[in-house]
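Q: I'm new to this one. Walk me through it, please.

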Amino acid sequence: MRRGVAATAAAAALLAAACAHVELKPPAEIQFALLGRIAARYAKDAFSGNVQWRHAASGDEMLITTPIGQGVARIVREGDAVELTTADGQDYRAPDAESLTERTLGFRLPLEGLADWVQGRATPGVPAREQKAPDGKLQALDQRGWHVDYQAYGDDDRPSLMRLTYEGIELRLAITQWK
């Protein structure tokens, strides 16, 4: 896998943080789980695939696979420590997601807040610019250098289609199921 494609896949993987069947402790702490499709573009490289994500305050579990189900990346966060495992078995560890992205991608991504963004809200206590629809749902959000467009919501009023952009990176997330 070329470095650019691997970087794009890693960026896509870091967007989601989903389940790789590592148990979060305790399961009652899980704040959300989602299934969906993800597409990423960085420079001239692009990637699309499936994403599974379980999120709790204490950790995240993520699995990114190709459209036909082959593993691309697995990310596990426990507390502040983050581990990314690529399909070829390479393990990358760092004390935080930003250090990990700097090491695997060559630049730091401001990933704090992503769990809030996929739920259709800004991260509390962090400056943000929000644009809301007449029904009160978030339409657009600018926070931590990212711009998030909320393109659709499901029947449960949770985001179902999002576009996230940041300095040459475009990520699209289509959430097909919230658990």
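Predicted model: local features only at pLDDT ≥ 70, side-chain atom pairs only at ≥ 80, totals over all residues.

Q: What is the phi of aspartate 157?
A: Near 65 degrees, a positive value in a residue other than glycine. Most residues other than glycine have a negative phi.

Q: Which loop holds arginine 144?
A: The one between strand 8 (138-143) and strand 9 (146-153). Arginine 144 also has a positive phi, near 55 degrees. Its relative accessible area is 29%, so arginine 144 is partly exposed.

Q: Zooming out, how many helices and strands does the protein chain have?
A: There are 3 helices and 11 strands. Along the sequence the pattern reads α-β-β-β-β-β-β-α-α-β-β-β-β-β.

Q: In what order do the strands sit in the sheet?
A: The 11 strands form an open sheet in the order 6-5-4-3-2-1-11-10-9-8-7, with antiparallel pairing. Strand 6 and strand 7 (128-132) are the edge strands, and each pairs on one side only. Two strands pair if DSSP finds at least two bridges between them.

Q: How many bridges join strand 1 to strand 2?
A: 12 bridges join strand 1 (residues 30-42) to strand 2 (residues 45-56), and the two run antiparallel. Alanine 33, for one, has arginine 54 in strand 2 as its bridge partner.

Q: And over how many bridges do strand 5 and strand 6 pair?
A: Strand 5 (residues 81-86) and strand 6 (residues 91-94) pair over 4 bridges, in the antiparallel sense. Glutamate 83 stands opposite arginine 93 in strand 6. The two strands form a hairpin with 4 residues between them. Glycine 89 in the turn has a positive phi of about 85 degrees.

Q: New topic. How many residues are in the largest nonpolar core?
A: That core has 35 residues. Those with the most contacts inside it are Leu34, Trp117, Val118 and Leu164. Strand 11 (residues 169-178) gives the most to this core, with 5 residues. A nonpolar core is a set of buried Ala, Val, Leu, Ile, Met, Phe, Trp, Tyr and Cys residues joined through side-chain atoms within 4.5 Å.

Q: What is valine 118 in contact with?
A: Leaving aside neighbours within four places in sequence, valine 118 is in contact with Phe32, Leu34, Trp53, Pro159, Met162, Leu173, Ile175 and Trp178. Contact means heavy atoms within 4.5 Å. Ring pairs also link Phe32, Trp53 and Trp178 into a cluster.

Q: How about aspartate 116: where is its place?
A: In helix 3 (residues 114-117). With neighbours within four places set aside, aspartate 116 is in contact with Arg121, Ala122, Thr123 and Pro124.

Q: How many aromatic pairs are there in the whole structure?
A: A search finds 5. Tryptophan 146 and tyrosine 166 form one that is stacked, at 5.2 Å centre to centre with 25 degrees between the planes. This pair links distant parts of the chain, with tryptophan 146 in strand 9 and tyrosine 166 in strand 10, 20 residues apart. Rings of Phe, Tyr and Trp (its six-membered ring) pair if their centres lie within 6.5 Å; planes under 30 degrees apart count as stacked, over 60 as edge-to-face and the rest as tilted.

Q: Are tryptophan 146 and tyrosine 166 buried or exposed?
A: Tryptophan 146 counts as buried, at 3% relative accessibility. Tyrosine 166 counts as buried at 15%.

Q: Last one. What share of the protein chain is buried?
A: Buried residues make up 46% of its 179 residues.

Technical notes: Residues numbered from 1 in each chain as written. Heavy atoms only, no water. Buried < 20%, exposed > 50% of the residue type's maximum accessible area, 1.4 Å probe, protein only.
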